[in-house]
Amino acid sequence: MHTALLAAALLVGCLLAVQASVNLQLNSAVGTPYGASTIQLGVATGLLTVLAIAAGALGALGKLPDVEAWQLLGGLASPLYITSGILLFPRLGALAAVGLFVTGQMFASLALDLFGLLGLERKDLSVGIVVGAVAVLAGIVVIIRGMKAAAPPGAPKMSGAGRAGWLALGIIAGGVLPVQGAVNAQLRAQLKQPITVAVISFAVATFTIAVVLLVLYATRKTPKPKIAPLKKMPWWGWLGGACAAAYVTGTFLLIPTIGAAVTIALTVTGQQLTSALIDHKGLFKLPQRSLTKERALGLALLIAGSLTIQLV
């Protein structure tokens, strides 16, 4: 059973990489990343609501008046992460984009742990953490340096300043995920129902990105979302919402059973391995980016660093 749970954690991480990849197809159909994010988050909210109703967990919503307002804001991270994936994958490739997300996740997790933020128990700095952090940094640097050699013909060109901005976005988008997890953990302690917490988190996320979409459309910063092309979208283009719901539900259920450190280490590993496969094979209609020796080295360093930080 323990082996099955470890495999489930790895699979959940794989789904997060798949989510970011298939969302590009949704973006192509809708015509705006903000519209695609709104639909994807709405689908995830709907799926989780059905699951919560089936589990009889929505009664926990009656405890909301006793919850502090900031504990309801964990969902704000999801629109940033999902929209960033839509923007970064075609520009950087799956491996580089997920590598940036993982780097942000790891260093944000370290900050939360080392300073005891958002109700987390404070941890001491250890040799394993230092070694792991250095390996993660080295890994992402090697991957980014190898981007040019692996870039397919016709890949978007980026200037120095523009490239720095996209790289920073990837790290920030990854960094908000552990913060989201810590905030949702506080909400879970109040409501006692993880599925209900997931519903609230995604409902907040859907509302937030929908408001952003309306504001950007009203100010002519983004086009009006298209609905008709959705009928011709491949069936797998709808998987983003299901993957997001599975990731959130899976991590909530796995952390109390196999521990937070093991869960994070395996989900992050799944993210990186799947993104490398998606890049190398050009899956989900993404441009094919070969796994060069340099990029393979960077991937190995990222995985080793992530495992070291969480498990040593």
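**Note on the predicted model**

1. At 62% relative accessibility, K285 counts as exposed, where exposed means over 50% relative accessible area, buried under 20% and partly exposed in between (1.4 Å probe, protein chains only). K285 sits in the loop between α10 and α11, and its phi is positive, about 65°, although K285 is not a glycine.

2. This is a predicted model, in which local features need pLDDT of at least 70 and side-chain atom pairs count only at pLDDT 80 or more, while totals for chains, interfaces and linings use all residues. Residues are numbered from 1 along each chain as its sequence is written, and side-chain values use heavy atoms, with hydrogens and water left out.

3. The average pLDDT (the predictor's confidence in each residue, from 0 to 100) is 87 for the protein, and 95% of the residues score at least 70.

4. Most residues other than glycine have a negative phi. F284 counts as partly exposed because its relative accessibility is 23%.

5. T267 belongs to helix α10 (residues 260–281) and, at 4% relative accessibility, counts as buried. Leaving aside neighbours within four places in sequence, T267 is in contact (heavy atoms within 4.5 Å) with A9, V12, G13, Y247 and T251.

How values were computed. Helices (H or I, at least four residues) and strands (E, at least two) are DSSP runs, numbered from the N terminus.
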